[in-house]
Amino acid sequence: MSDELQRITAIDDPYLLLREVTKRLADAQQEVTELARLRRRVVQDLHAQGLSYAQIAEKAGLSRGRIHQIRHTGPAPEGAFLGAGAVTVVTPLRWDSEKKRPVVAMADMNSGKRLEELAKSYGLDVSSGHVQVSGEIDLNRDGLVVVCGPGMSQAMKDLYAQDPVLGWKHPEGEPWALVDRRTGTAYHAGADIEPRRPHDVGYLGRLPRPDGKGSVLAIAGIHTAGSLGVVHLLTSDLNTLWGQVGERHFSTLVSVEYAPETDEPQSVELLCPLYLHDEEATA
């Protein structure tokens with residue numbers, strides 16, 4: 001019996017015991033899920049290196065059938081792109097002057113819900129939260145996926161400022177743009193330049209938390225259609241993204257053609273490479 005289990009079983013208060021057992025079961029289930037994800041990832045990595053399932057089984061002391069089962073069952077490794085165990089999907093609140101209360105824009109709501117569904121499909125526990133109208137948000141939490149640009153939150157603006165390659169630009173009196181410092185190219189939304197067209201640019205990156213104890217997955221568009229486009233990319237091609245960046249800090253820009261009536265993405269593609277920040281720091 002583990003020390004933790006001994007501690008719990010020694011609790012006399014039945015209500016406290018019930019709370020502690022419930023919490024421990026939830027934590028244990030998260031741990032089981034992540035261990036299963038790690039086990040499947042190891043088998044996939046070894047197989048990708050050229051080892052047969054029979055060779056992996058022999059070296060691991062397991063049956064070939066068990067290795068084959070591990071390879072094809074359980075949570076997929078690429079779910080770790082979003083987080084480990086549990087994630088919190090955060091969208092921004094905006095002040096509605098007519099309703100006199102904070103609201104979430106429809107496109108942001110759709111982005112948040114689709115991210116939640118994506119995370120659940122990979123066996124992750126999911127909760128939701130909001131960037132306050134004031135821009136306030138606690139970024140020093142595990143498993144954060146934040147859909148919010150720099151114009152709505154100083155905390156997010158500071159987070160984006162850590163990116164060594166891509167940045168946000170907003171000259172006074174001009175619309176927002178995203179800039180690739182490597183090439184010097186500035187990207188604008190189609191709604192902000194002539195001739196106007198239903199096109200937006202989205203940002204996707206994993207950036208260091210302010211406290212340096214983890215990372216935040218940050219998503220934003222110049223307009224809300226850009227965020228939806230980034231989410232579409234994640235839901236359709238997460239395996240490829242995971243294969244190229246893993247859990248490292250990175251960033252990229254996404255071109256989004258969308259339906260003007262709904263903001264729904266019609267076509268999505270990368271505008272620049274997936275920049276790995278540790279490599280940029282040594283370049």
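Strand β1 and strand β4 (residues 125-131) run parallel to each other, paired over seven bridges. Two strands count as paired if DSSP finds at least two bridges between them. Strands (E, at least two residues) and helices (H or I, at least four) are DSSP runs, numbered from the N terminus. This is a predicted model, in which local features need pLDDT of at least 70, side-chain atom pairs count only at pLDDT 80 or more, and totals for chains, interfaces and linings use all residues. Residues are numbered from 1 along each chain as its sequence is written, and side-chain values use heavy atoms, leaving out hydrogens and water.

β1 also pairs with strand β5 (residues 144-147), again in the parallel sense. Here are the two pairings, each with an example of facing residues:

| Partner of β1 | Bridges | Facing residues |
|---|---|---|
| β4 | seven bridges | V87 and V126 |
| β5 | three bridges | T88 and L144 |

Strand β1 (residues 86-92) is largely enclosed by the rest of the structure, because six of its seven residues are buried. Buried means under 20% relative accessible area, exposed over 50%, and partly exposed in between (1.4 Å probe, protein chains only).

Now to helix α5 (residues 106-121), where S111 is found. S111 is buried, with a relative accessible area of 0%. Leaving aside residues up to four places away in sequence, S111 touches V147, S227, L228 and V231; contact means heavy atoms within 4.5 Å.

Finally, the UniProt record, an unreviewed entry, annotates residues 18-45 as "coiled-coil region". UniProt positions are given in the numbering used here, feature names are shortened, and annotations may be inferred rather than shown by experiment. In the model, residues 18-45 are 100% helix and 0% strand, with the end C-alpha atoms 41 Å apart.
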